[in-house]
Amino acid sequence: MQQQQPRRNIHLILLGSAHSLNHSLFVVAPPLLTLIMSDLGVSNSVIGAVSTGASMLYGVGALAGGLLGDKIGEAKTIILFLICSGFSTFIMLAAWATRSIYVYTLALALIAIWASLYHPTANSLISKAFTGKVSESMGLHGVGGTLGVVLTPTMAWLLGSTLGWSWAFAAFGLACILLALFFVRFFGKTKSQNEHGGTIINVFKIRKLWTLLIFNVLTGLFMKGVELWFPTYLQNNRQIDPMWASIAYTTLLAFGVPGQWIGGKASDKIGPKKVLIAATVGVCVSLLSLLLIPVYIVGIALFLFLYGFFFNSHQPALTALTGFLTPQVQRGAVYGVFFFTSFGLGSISQFIAGYLAEFYGLDVAFYALTVFALAALILSFKIPDKRENR
């Protein structure tokens with residue numbers, strides 16, 4: 001499934017753009033969470049439960065995403081995500097008009113269901129089409145996603161505070177629909193290589209993946225909690241103005257750009273396992289800096305750099321290693337299961353953090369997230385060590 005270089009470059013740019021918008025749809029809410037909760041009249045625990053439910057759908061839907069990509073073709077599956085998620089964001093306009101948490105929940109659920117199709121499909125495609133430099137291609141795909149999503153919190157805050165938070169969702173939904181047209185033009189004739197593909201049950205028969213699966217769950221448990229609650233943490237516990245909290249979140253994402261690229265390059269050179277260990281160390285240090293350094297501005301600055309860089313550097317290494325341990329015919333199913341364990345099961349932390357924040361404060365919630373990161377670090381030393389066969 002090797003492609004000529006110009007075509008590969010175009011496809012990687014399109015995939016990076018779709019990756020960006022896929023994550024942007026879920027980065028709109030965090031900087032606007034205070035406004036959303038005020039308009040809808042709900043508490044931290046309620047919005048945490050709603051976000052957890054949407055994230056669970058985002059993860060569960062991925063189980064079907066890879067299989068669907070093998071069935072109808074990866075490009076068609078990605079186009080389906082872009083169009084349907086894009087139109088689903090317009091329901092947020094009704095949620096804002098009615099001030100209804102139920103309509104908000106419906107909109108978020110539909111966005112999550114359609115968006116869940118993307119990651120296993122794209123990862124399966126890259127692992128098959130970009131052989132020879134799988135880790136680097138995964139990293140560049142991540143860079144494309146991160147470059148776009150870096151601007152999302154600030155753009156969402158500006159749109160939401162000016163026009164209303166629902167219009168921030170709708171703006172990114174419109175961008176999804178427009179990008180789908182480019183996929184139809186440049187990617188529409190691409191077909192899947194696999195006629196039959198794997199099954200969910202067969203994924204769990206690959207014993208080499210078990211340790212990586214557990215590591216993936218632990219990573220999701222701290223990642224999803226930080227993703228939702230970090231801007232609110234800065235506002236409530238560090239007395240940071242909402243606008244500056246949005247800028248801080250943007251800075252956090254910006255450090256992910258070099259993290260993705262360097263993580264992919266390093267994975268090709270020294271192996272994915274070493275990258276995963278180093279990245280998890282960096283994440284643990286970042287969380288402890290945020291919580292324990294008494295000069296808040298120093299702790300925040302260290303967290304922004306360390307977490308942004310090291311969390312993102314682990315992603316191309318983990319995704320590539322998953323492919324190296326998996327027969328090509330089963331990759332769609334495997335990437336679906338992996339995305340479910342991270343974004344689905346991991347999303348439970350959004351509710352856990354919201355519950356702890358409600359009754360004990362956000363500091364306690366972030367200590368719980370740190371425990372998950374430390375557990376992932378311990379397990380990282382047991383991860384299989386395998387590189388790409390070129």
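This is a dialogue about reading features in a predicted model.

Reader: Where should I start with the salt bridges, and how many are there?

Author: The general idea is a distance test: a side-chain nitrogen of Lys or Arg must lie within 4 Å of a carboxyl oxygen of Asp or Glu. By this rule there are three salt bridges here.

Reader: Which residue forms a salt bridge with K265?

Author: The partner of K265 is E136, and their closest N and O atoms are 3.8 Å apart. K265 is in helix α14 (residues 256-270) and E136 in helix α8 (residues 134-150), so the pair ties together parts that are 129 residues apart in sequence. K265 is partly exposed, with a relative accessible area of 29%, whereas E136 counts as buried at 16%.

Reader: What separates E227 and K224 along their helix?

Author: First the general idea. An α-helix has 3.6 residues a turn, so residues three or four places apart point the same way. In this structure E227 and K224 are three residues apart in helix α12 (residues 210-237), which puts about one helical turn between them. They form a salt bridge, with 2.9 Å between the closest N and O atoms. Both E227 and K224 are buried.

Reader: Which residue forms a salt bridge with R238?

Author: That residue is D363, with 3.8 Å between the closest N and O atoms. This pair links distant parts of the chain: R238 sits in the loop between α12 and α13 (242-254), D363 in helix α19 (residues 362-380), and they are 125 residues apart. R238 counts as buried at 7% relative accessibility; D363, at 29%, counts as partly exposed.

Reader: How many disulfides are there?

Author: The test is again a distance: two cysteine sulfur atoms must lie within 2.5 Å. The count comes to zero. Take C84: the closest cysteine sulfur, in C176, is 11 Å from its own, too far for a bond.

Reader: Why is C284 called buried?

Author: Buried means under 20% relative accessible area. C284 has 4%, so it is buried.

Reader: How do I check the length of helix α15?

Author: Compare an expected span with the distance between the ends. Helix α15 (residues 272-292) has 21 residues, and at 1.5 Å a residue it should span 30 Å; its end C-alpha atoms are 30 Å apart, which agrees.

Reader: What is S20 in contact with, beyond its neighbours in sequence?

Author: Setting aside neighbours within four places in sequence, S20 contacts G144, G145, G148 and V149. S20 lies in helix α1 (residues 5-27) and is buried, with a relative accessible area of 8%.

Reader: How far is F338 from L63 in sequence and in space?

Author: F338 and L63 are 275 residues apart in sequence, and their C-alpha atoms are 8.5 Å apart in space. F338 is in helix α17 (residues 331-344) and counts as buried at 5% relative accessibility. Leaving out neighbours within four places, its contacts are L209, L212, L213, N216 and T322.

Reader: Which residues make the nonpolar surface patch?

Author: I10, I83, F87, F90, L174, L178, L181, F182 and F186 make a patch of about 820 Å². Both α4 (74-88) and α10 (165-187) supply at least two of its residues, and α10 gives the largest share, five residues. F90 is in the loop between α4 and α5 (91-98); this residue is partly exposed, with a relative accessible area of 30%.

Note on methods:
Residues are numbered from 1 along each chain as its sequence is written. This is a predicted model: local features need pLDDT of at least 70, side-chain atom pairs count only at pLDDT 80 or more; totals for chains, interfaces and linings use all residues. Side-chain values use heavy atoms; hydrogens and water are left out. Patches are made of residues with over 30% relative accessible area and no salt bridge: like charges are joined within 9 Å, nonpolar side chains (Val, Leu, Ile, Met, Phe, Trp, Tyr) within 5 Å. Accessible areas come from the Shrake-Rupley method with a 1.4 Å probe; for residues, only the protein chains shown count as cover. Helices (H or I, at least four residues) and strands (E, at least two) are DSSP runs, numbered from the N terminus. Buried means under 20% relative accessible area, exposed over 50%, partly exposed in between (1.4 Å probe, protein chains only). The expected span of a helix is 1.5 Å times one less than its number of residues. Contact means heavy atoms within 4.5 Å.
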